[in-house]
Amino acid sequence: MKIFRHSKHAVYFAVGLGFVLLLLTKSYASTGILRDLAQQSGITIGASVLMEPFENDAVYQETLAQEFNSLTPENAMKFSHLHPEKETYDFTNADKLVAFAKEHQMQVHGHVLVWHRNLPDWLTDEDWYPNTLEKILKWHIITVVEHYHGQVDSWDVVNEAIDENGDLRDSIWLDGLGSSYIEESFHWAHRADPNAKLFYNDYRGAGLGDKANAIYALVQDLVQRGVPIDGVGIQMHRSIQDPPNPERVAANISRLNELGLSVRITEMDIQIYGDEPPDDEKLQAQAQVYQDIMEICLAAVDCTGITTWGVSDQHSWIPYTFDRPDAPLLLDENYQPKPAYHALTETLAQ
Ligand code: G3I
């Protein structure tokens with residue numbers, strides 16, 4: 001049976017069908033404009049990635065590759081995940097993320113080599129002699145960084161080593177090794193991959209407050225003593241009720257740049273303490289915070305980009321950690337662009 005009287009009708013049908021299919025796909029996946037614009041502006045727009053949706057949700061992967069040009073494993077490179085037993089490393093999950101990034105021409109930011117949380121029981125259950133603990137940390141860092149030599153562009157070498165008062169945080173590392181564990185960690189990571197960019201990363205250090213000043217003093221000292229540190233990751237877990245002050249963030253980035261350090265805006269999510277569905281006024285306020293931070297990053301001498309802490313609101317750590325609804329990211333639960341997404345694309349387009 002002949003369905004089309006002319007072959008050109010078959011062509012029209014095929015084109016029409018293709019268009020409808022494209023529209024259907026686009027109503028689930030997002031547009032890809034954000035990644036393109038970030039690329040053109042020479043910055044990274046990143047997202048942290050969770051293994052569960054990465055492995056089970058095709059739209060999650062598709063959105064990740066379309067919208068972002070950088071990824072940070074949210075948990076898969078933490079100590080307990082990579083090094084679950086004293087003599088055992090397990091790179092399975094982290095390798096999948098690194099391979100995905102390579103396939104989609106995305107940068108990889110490694111998170112995290114030294115942290116006081118997410119440590120395996122074999123490590124925390126024992127009292128170690130300092131020289132044994134030092135060997136454990138040293139070989140953990142060297143093994144992980146060497147495994148990803150040339151594949152991970154940058155690392156959070158030390159994360160959250162300063163507490164709320166601006167003092168060095170009590171941790172297994174500080175207690176066992178003293179404050180020198182910080183600089184030693186940078187040396188070990190540098191030795192394992194001299195081309196990887198090495199960062200100190202922390203939260204509530206965005207403006208010019210006590211904690212930001214303590215971070216500044218720490219990294220200034222490292223720079224002055226020739227420790228191989230390339231930059232500072234400024235985490236941005238904030239809310240519309242308690243937004244960062246744009247002038248103070250800009251001034252803080254500027255003084256870090258003057259030390260010769262790059263800055264990355266890491267772990268950005270802006271909580272709205274939302275109702276479901278989120279109220280439009282709150283989403284607009286959230287968009288303003290994202291826009292302010294993007295403008296600051298673009299205007300800075302050396303701000304390499306922004307990483308959001310999650311791909312979409314569906315998998316943000318906020319609702320499951322605090323057991324309440326929220327919508328802190330750029331894409332909503334259905335991966336649709338929110339006002340914050342549009343604020344970033346408009347800012348980048350200008
Ligand atoms: O795997 C289970 C899953 O089966 C269960 O359904 C789910 C809900 O309770 O929990 C899952 O494990 C959780 C895991 O995240 C994966 O979602 C862990 O309990 C939870 O402790 C873990 O939390 C992570 C947290 O760091 C601690 O490592 C968050 O995802 C992650 O977003 C958070 O990230 C940190 C950065 O590394 C450092 N800066 C602060 C930031 C937020 O706390």
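**Reading the model**

Tutor: Let us begin with a single residue in this predicted model: Glu-85 is partly exposed, since its relative accessible area is 46%.

Student: Where is Glu-85 placed in the chain?

Tutor: Glu-85 sits in the loop between α5 (79-82) and α6 (92-103). Together with Asp-121, Asp-125, Glu-126 and Asp-127, Glu-85 forms a negative surface patch.

Student: How is the overall form of the protein chain to be read, and how many helices and strands are there?

Tutor: The protein chain has 15 helices and 8 strands. Its radius of gyration is 22 Å, close to the 20 Å that the globule rule gives for 350 residues, so the chain is as compact as a globular protein of that length. Along the principal axes, the C-alpha atoms fill a box of roughly 85 × 45 × 40 Å. Of the 350 residues, 51% are buried.

Student: Which residues are joined by a cis peptide bond?

Tutor: The omega angle is the value to read here: it is about 15° for the cis peptide bond between His-111 and Val-112. Val-112 belongs to strand β3 (residues 107-114).

Student: What is the phi of Asn-118, and is this residue buried or partly exposed?

Tutor: Asn-118 is not a glycine, yet its phi is positive, at about 55°. The residue lies in the loop between β3 and α7 (121-124) and is partly exposed, with a relative accessible area of 29%.

Student: Is Glu-160 buried or exposed?

Tutor: Buried means under 20% relative accessible area; Glu-160 has 7% relative accessibility and therefore counts as buried. Glu-160 lies in the loop between β4 (154-159) and α9 (172-177), and it too has a positive phi of about 55° without being a glycine.

Technical notes: Residues numbered from 1 in each chain as written. Predicted model: local features only at pLDDT ≥ 70, side-chain atom pairs only at ≥ 80, totals over all residues. Heavy atoms only, no water. Patch = residues over 30% accessible without salt bridge, like charges linked within 9 Å, V, L, I, M, F, W, Y side chains within 5 Å. Areas by Shrake-Rupley, 256 points an atom, 1.4 Å probe, with all protein chains shown as cover. Salt bridge = Lys/Arg side-chain N within 4 Å of Asp/Glu carboxyl O. Lys, Arg positive; Asp, Glu negative; His and termini not counted. Charge placed at Lys NZ, Arg CZ, Asp CG, Glu CD. Helix = DSSP H or I, 4+ residues; strand = E, 2+ residues; numbered from the N terminus. Buried < 20%, exposed > 50% of the residue type's maximum accessible area, 1.4 Å probe, protein only. Rg over C-alpha atoms; globule rule 2.2 N^0.38 Å.
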